[in-house]
Amino acid sequence: MKSLPTVFMVIFSLTICLAQSKEALLPKLDLTGELTVHIKSVPQAQTLPVKFATYHSFPGYDVNQVKDSISVNRNEIYLNSPSRTVGQSFLTIADSTYRIVGAPGDTIHLRILVKPGQNPTQPLIAFEGKNKAVQQYYQAKTRLLDDPLQAGMDEGMRAANLEPFQKMMDETYQKQDQFWMEYQKQHTLPDWFKTYETNALTYSDAWLRLYMVWYQTEYQQKKQVIPTSYYAFKNRIKVKNLAALYHYDYLRFLREQLFWEL
């Protein structure tokens, strides 16, 4: 099994060294920061449970979860969660989950437009405020591609070897990259988010490919020959990327890269 504490210490040491050498290039980090989600709702006939989960990559992998509810007599709530840097959270309302991205000090505003199940053709929620375009991107991506990372994980776990997994990952990455390029042409997005999402797409793909080598050969004990083209994805990534230093997917990639090299 992998020794996660050892890996985290290596990554932490790498982080400190990079931070000391090129501090001006680093993303912002706020260990006391907070991210707020503000929800307003149309009147509801029953209580809607709400869960807000924020994922952290620094100083270690952990997640904060905040729970609340929209009720018959309470149609406006605020959920506050620690936020150390720009990162991803997941907001679950009743049975629907939405990926959102925010930074310390941000407030993400949204409205619940209908009663769940009342009108299946109408979206349950609508985002508002300054980061509306960012959150709408993930809504559009989910509608078209669902959850590509989970689909890749499922394929890798059940595939007989790495060849069908590699084929699916190549196709999935191409679809995501094409969607991302076209979306930027048609929508106005902040520069910080363009950097964030480009790194998310690149390093989520990279870490899963590396992880699946370990999973199939070490955990599942499958004897196989790794395709000669399997590591071609490394040609499009940077192992040392200061712009992604605290990025959740980048640090997961570094963890897998260290195991790959060892």
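**Entry 1: helix H6**

I began with H6, where Tyr-248, Asp-249, Tyr-250, Leu-251, Arg-252, Phe-253, Leu-254, Arg-255, Glu-256 and Gln-257 are buried. Buried means under 20% relative accessible area, exposed over 50%, and partly exposed in between, with a 1.4 Å probe and protein chains only. I noted that the model is predicted, that local features need pLDDT of at least 70 and side-chain atom pairs pLDDT 80 or more, while totals for chains, interfaces and linings use all residues. Residues are numbered from 1 along each chain as its sequence is written, and side-chain values use heavy atoms, leaving out hydrogens and water.

Helices (H or I, at least four residues) and strands (E, at least two) are DSSP runs, numbered from the N terminus. I recorded that 10 of the 14 residues of H6 are buried, so that the helix is mostly covered. I then checked the length of H6, residues 248–261: its end C-alpha atoms are 20 Å apart, which agrees with the 20 Å that its 14 residues should span at 1.5 Å a residue. The expected span is 1.5 Å times one less than the number of residues.

**Entry 2: aromatic rings**

I found 25 aromatic pairs in the structure. Rings of Phe, Tyr and Trp (its six-membered ring) pair if their centres lie within 6.5 Å; planes under 30 degrees apart count as stacked, over 60 as edge-to-face and the rest as tilted. I looked up Tyr-203 and Tyr-250, whose ring centres are 4.9 Å apart with planes at 70 degrees, so the pair is edge-to-face. This pair links distant parts of the chain, with Tyr-203 in helix H5 (residues 191–219) and Tyr-250 in helix H6, 47 residues apart. Tyr-203 is buried at a relative accessible area of 1%, and Tyr-250 counts as buried at 1% relative accessibility.

I also noted one aromatic cluster formed by Tyr-137, Tyr-138, Phe-179, Trp-180, Tyr-183, Trp-192, Phe-193 and Tyr-196.

Next I looked for charges over rings (NZ of Lys or CZ of Arg within 6 Å of the ring centre and within 35 degrees of the ring normal). Lys-234 lies over the face of Trp-260, 3.1 Å from the ring centre. Arg-236 lies over the face of Tyr-173, 3.6 Å from the ring centre.

**Entry 3: the sheet with E8**

I traced an open sheet of four strands in the order E4-E1-E7-E8, with mixed pairing. Strand E4 (76–82) and E8 stand at the edges with a single partner strand each, so one side of each has no neighbour in the sheet. Two strands pair if DSSP finds at least two bridges between them. E1 (residues 34–41) runs parallel to E7 and is joined to E7 by six bridges, with Ser-41 opposite Ile-112 in E7. E7 (residues 107–112) and E8 are antiparallel and share four bridges; Leu-110 stands opposite Phe-127 in E8. In E8, Ile-125 and Phe-127 make up a covered face, whereas Ala-126 and Glu-128 make up an uncovered one.

I then looked up Gly-129, which is found in the loop between strand E8 (125–128) and helix H2 (132–145). Gly-129 is partly exposed, with a relative accessible area of 46%. The C-alpha atoms of Gly-129 and Ile-108 are separated by 6.9 Å, although these residues are 21 apart along the chain.

**Entry 4: the other sheet**

I traced another open sheet of four strands, in the order E3-E2-E5-E6, with antiparallel pairing. Its edge strands, E3 (62–70) and E6 (96–102), each pair on one side only. Nine bridges join E2 (residues 48–56) to E3, and Leu-48 stands opposite Ile-70 in E3.
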